[in-house]
Amino acid sequence: MNAPLYIARGTDIAARRFGEETMIMSGKDSELFSLNETASLLWQAADGVTPLAQIVERQLCAAFDVDAQTALRDAEELARQLAGHGILRVSDQPLADTDAGKAP
Amino acid sequence: MNEPALPLHADIGIGGIHVRLRTDDPGFIDLLGERYAGFLDGAGRVDYEFDMHLQPPEGTDPDDDVRVFRRDGLWCMERGDFRAEWDPQSRRGWIRQEPNPYSVDSVLRIVHSLLLAREGGMLMHASSAVRDGRAFVFMGVSGAGKTTISRLAPAGVHLLTDEMSYLRREADGYFAYGTPFSGELGRPGANLRAPLACIYLLAQGPENRIEALGHADAVRGLLANILFFAQDRELVQAIFASAIELAERVPVRRLTFVPDSRVWDLIGNEST
């Protein structure tokens, strides 16, 4: 069984929710990102202490008709992509959350 | 020992902010006079001051891209053709460059963009114009039609710029100011100020049409066109918040147009 994965919002960003879309601007290079509904749900739920599997089960599987295993695999891939841009932080240990990047 | 003060200066007022450039070269003063005609200020008000050292910048490569960063409380600005530092506390700085108008033009754009970012304003890749006392901004990437729509402006329309629009957030709303920063038109804008009525995101197409933009698309359009250099977290947050607020308070529309003067029949006439 894989170790649980934890995700937290990046600290060096500015973010705002527009309906189902979340717009995020990187504080490092000013690059602008747009998260779709699925990625927005993941980002909003990224509190650093809830395991990703639990987020997927509660947020994604509840909202979309998708099996938990497939959703978790896709979510892990997405989380690592977002982490590559500094939008999320990913760890196998709980992370300190920050409200710095939380979209109002 | 302090260096002797540079004896000559030109005061350049853009957007109500007055920058004094000091030099000891009378030829460069003449060059600044030509470049910033209409924006030279003789009233003596000085908000910021720069000593200009007209020599090749040390430690840069001619091909270097622009870098703007904060170091020990100073703003540092570098490109292949200039280096500059500026202390926002003392409001003084220096610029090292060859005696050409292009480098100082870039430094001024950077300084103004930093100043405006702190107060909710911005420089924007956009042309702008005043019609019947109201300002209209036309933003878009290179080739979108900023200069074209400026050329098509009818009599009675005052062009603020065909290249770089200057927006300030003031107590009673947003205002657009004229700038000397010109594009293909090759002439400075009118040194005027007017309340901002509408921002158009330009696109060229088969007919003249104005469409509403959703809030997210409006913010995206603004952010894509705001002039912004600094790699600085606080300023990124400020610019992001400024774009959101601007899109909330001023109508942002998509303007598709064919390049003839009839497009101006639509400007300022659509209901907001």
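1. Let's start with how chain A is packed. A compact globule of 104 residues would have a radius of gyration near 13 Å, and chain A has 13 Å, so the two agree. The radius here is taken over C-alpha atoms, and the globule rule is 2.2 Å times the number of residues to the power 0.38. Along the principal axes, the C-alpha atoms of chain A fill a box of roughly 35 × 30 × 20 Å.

2. Before going on, some housekeeping. This is a predicted model, where local features need pLDDT of at least 70, side-chain atom pairs count only at pLDDT 80 or more, and totals for chains, interfaces and linings use all residues. Residues are numbered from 1 along each chain as its sequence is written, while chains are lettered from A and ligands numbered from 1 in the order in which they are written. The model scores ipTM 0.78 and pTM 0.89. For chain B the mean pLDDT (the predictor's confidence in each residue, from 0 to 100) is 92, and 97% of the residues of chain B reach 70 or more.

3. What is chain A built from? It has 3 helices and 6 strands, and from the N terminus on they run β-β-β-β-α-β-α-α-β. Helices (H or I, at least four residues) and strands (E, at least two) are DSSP runs, numbered from the N terminus. Of the 104 residues in chain A, 31% are buried. Buried means that 20 or more other C-beta atoms lie within 10 Å of the residue's own; exposed means 12 or fewer, partly exposed is in between, and the C-beta atoms are placed from the backbone. Take the contacts in chain A with a separation of 6 or more: 58% of them join residues 24 or more positions apart. Two residues are in contact if their C-beta atoms, placed from the backbone, lie within 7 Å.

4. Leaving aside neighbours within four places in sequence, A:Ala68 is in contact with A:Val56, A:Glu57 and A:Cys61. A:Ala53 is 15 residues from A:Ala68 in sequence and 8.2 Å from it in space, C-alpha to C-alpha.

5. Now chain B, which is divided into domain 1 (8–118) and domain 2 (122–265); the bounds come from an automatic or database domain assignment. The centres of the two domains, taken over C-alpha atoms, are 25 Å apart. Across the boundary, 21 residues of domain 1 are in contact with 20 residues of domain 2. On the domain 1 side, strand 4 (67–71) and helix 2 (101–118) are the elements that give two or more residues. Helix 2 gives the most, with 9 residues. That side divides into 11 nonpolar, 5 polar and 5 charged residues. In this count Ala, Val, Leu, Ile, Met, Phe, Trp, Tyr, Cys and Pro are nonpolar, Asp, Glu, Lys and Arg are charged, and the others, Gly among them, are polar.

6. Not counting residues up to four places away in sequence, B:Ala243 touches B:Val219, B:Leu222, B:Leu223 and B:Ile226.

7. How do the chains meet? In all, 12 residues of chain B are in contact with 12 residues of chain A. On the chain B side, the elements giving two or more residues are helix 4 (215–225) and helix 5 (233–249). That side divides into 7 nonpolar, 3 polar and 2 charged residues.

8. Most residues other than glycine have a negative phi. B:Arg91, though not a glycine, has a positive phi of about 65°; it lies in the loop between strand 6 (82–87) and strand 7 (92–97) of chain B. B:Asp132 is not a glycine either, and has a positive phi of about 50°; its place is in the loop between strand 8 (122–131) and strand 9 (134–139) of chain B. Is B:Asp132 buried or exposed? Exposed, because 9 other C-beta atoms lie within 10 Å of B:Asp132. B:Arg91 counts as partly exposed, with 14 C-beta neighbours inside 10 Å.
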